[in-house]
Amino acid sequence: MSDIILEMKNITKEFPGVKALDDVNLVVKRGSIHALVGENGAGKSTLMKVLSGIHPYGSYSGDIIYNGEICKFSKIKDSEGLGIVIIHQELALVPQMSIGENMFLGNERGKPMAINWNETYAEADKYLREVGLAESSRTLIKDIGVGKQQLVEIAKALSKKAKLLILDEPTSSLNETDSQALLDLLLHFKEEGLTSIIISHKLNEVSYVADDITVIRDGHTIETLTKGIDDFSEDRIIRGMVGREITDRFPKRHDVAIGEVAMEVKDWNVYHPLYVGKKVVDNVSLNVRKGEVVGISGLMGAGRTELAMSIFGHSYGTDISGQLFLNGEEVHLKNVKDAIKHKLAYVTEDRKGSGLILSNPIRVNSSLANLEGVSNHGVIDAEKEYAEAVDYKEKLHTKCPTVEQNVGNLSGGNQQKVLLAKWMFTDPDVLILDEPTRGIDVGAKYEIYCIINQLAAEGKSVIIISSELPEVLGMSDRIYVLNEGRIVGEFTQQEASQEKIMGAILKSGK
């Protein structure tokens with residue numbers, strides 16, 4: 001049998017007005033882990049959608065050769081029938097259904113009109129053991145964390161007899177511990193002969209796990225690097241991705257005079273909205289000054305998002321208590337409208353689910369949080385809305401042909417810019433940014449960091465919540481460490497280090 005499991009030859013794919021892939025070539029060795037890297041919008045996910053049949057044969061030109069045979073997939077079932085299984089960045093699980101039900105949804109065990117539940121759960125438990133997930137297959141998806149959900153997706157793929165597993169940003173929502181466990185699992189599967197293709201922006205993970213790395217830029221194949229032969233350093237990969245050296249991942253801050261306290265939270269407590277008596281934020285006190293960037297670090301489940309959303313007009317939690325001060329005056333924000341009125345903004349970590357309306361154009365999304373700013377006597381002024389959207393497109397360097405383009409057609413980095421524009425248009429004094437660079441490439445991250453620095457230079461107060469320690473360390477003037485709902489450490493930029501932050505977390509465990 002050939003050492004090559006997959007060849008994609010001269011793949012070209014066009015959308016209206018855009019050539020997403022232009023003569024792309026990819027060769028994947030059998031039993032290897034092959035990484036695809038590139039900036040947002042480079043064409044990585046589009047290429048994998050061509051491979052899996054989501055973009056069917058006839059909608060692109062070029063050849064897919066799998067196990068020596070030319071394949072013409074018209075739908076995803078065709079590729080899955082040959083063992084090609086894709087796991088998307090947004091997990092496709094039904095929260096109210098059990099793990100077992102999700103694993104065999106559309107691929108039910110039993111006879112037509114008569115599902116064999118004993119067989120379903122027995123098989124599901126077998127595959128859960130293969131991925132090292134110690135959960136009953138009867139557990140509901142909503143009752144397990146996102147790290148375990150990612151393992152369920154992999155178990156689901158194995159149940160389809162996967163021979164070539166495609167993972168699109170598999171660790172984007174995971175903490176470092178869960179990410180490492182998933183990468184080690186892929187290495188274990190590799191030893192058993194499974195071939196994997198991984199798309200990731202986390203270059204340290206790519207260099208750790210991959211045998212080969214193919215760089216795609218602007219819809220073209222740039223190069224393929226091989227471990228043990230080529231330079232696998234992050235700087236080398238970045239040069240291939242962006243076509244130039246990036247000497248500093250974090251833009252230098254201009255000397256900004258940090259002013260008075262803009263927002264202060266005292267003795268803040270929040271309880272879970274569903275589980276009675278479960279405290280998710282425990283007596284937290286913090287502050288942020290004008291012109292200051294404050295980072296909030298912590299492991300997944302530490303309560304960072306819950307804290308931010310509860311401050312932002314009580315948009316999360318029950319039995320919220322404590323004091324909130326804006327510019328020295330105590331305020332009581334009962335809802336999101338109150339928060340916006342008091343010049344507070346919260347940029348959600350879930351830009352696709354909660355932050356943006358993907359089926360609507362940039363113009364509409366940019367004004368969502370401040371309709372009064374584009375209205376006359378309660379009626380939206382379309383020309384004014386258009387002008388404001390164009391203004392923010394230019395300010396933030398959003399890459400799009402027109403602000404009438406639907407947000408769902410933008411790359412992740414450009415979606416993030418639209419989300420920032422939406423909240424910047426409210427002219428806030430305090431911005432809480434929850435995972436502001438999740439799932440976007442190194443070049444787009446740099447642009448987002450420049451925007452954050454500009455906001456601070458204008459005297460705005462910025463809070464960054466991030467799971468990436470280098471990001472928190474590189475962008476923050478001061479850092480709070482949160483664990484199990486409590487503040488367990490506070491460091492200045494000069495004091496902070498990855499070791500100190502992790503030490504504060506580990507020493508604080510209940």
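Analyst: **Where domain 2 meets domain 3**

Between domain 2 and domain 3, 3 residue pairs are in polar contact, both residues having pLDDT 80 or more (a pair of N or O atoms within 3.5 Å, one able to donate a hydrogen and the other to accept it; residues adjacent in sequence count only if both atoms are side-chain atoms). On the side of domain 2 that touches domain 3, helix H9, residues 304-311, gives the most, with 3 residues (a helix is a DSSP run, H or I, of at least four residues, numbered from the N terminus). By class, this side of domain 2 has 4 nonpolar, 1 polar and 2 charged residues.

The model is predicted: local features need pLDDT of at least 70, side-chain atom pairs need 80 or more, and totals for chains, interfaces and linings use all residues. Residues are numbered from 1 along each chain, and side-chain values use heavy atoms, without hydrogens or water.

The interface also holds 2 salt bridges (a side-chain nitrogen of Lys or Arg within 4 Å of a carboxyl oxygen of Asp or Glu). Lysine 460 and aspartate 427 form a salt bridge through their side chains, at 2.9 Å from N to O. The domain assignment places residues 460-510 in domain 2, together with 247-343, and residues 346-427 in domain 3.

In contact terms (heavy atoms within 4.5 Å), 7 residues of domain 2 meet 6 residues of domain 3. The two domains bury about 640 Å² between them, 59% of it from carbon and sulfur atoms (accessible area, 1.4 Å probe, lost on being put together, summed over both parts). Of the area that domain 2 buries here, Phe312, Ile340 and Lys343 supply 55%, more than any other three residues. The centres of domain 2 and domain 3, taken over C-alpha atoms, are 26 Å apart.

Notes: Domains from an automatic or database assignment. Helix = DSSP H or I, 4+ residues; strand = E, 2+ residues; numbered from the N terminus. Nonpolar A, V, L, I, M, F, W, Y, C, P; charged D, E, K, R; others polar.
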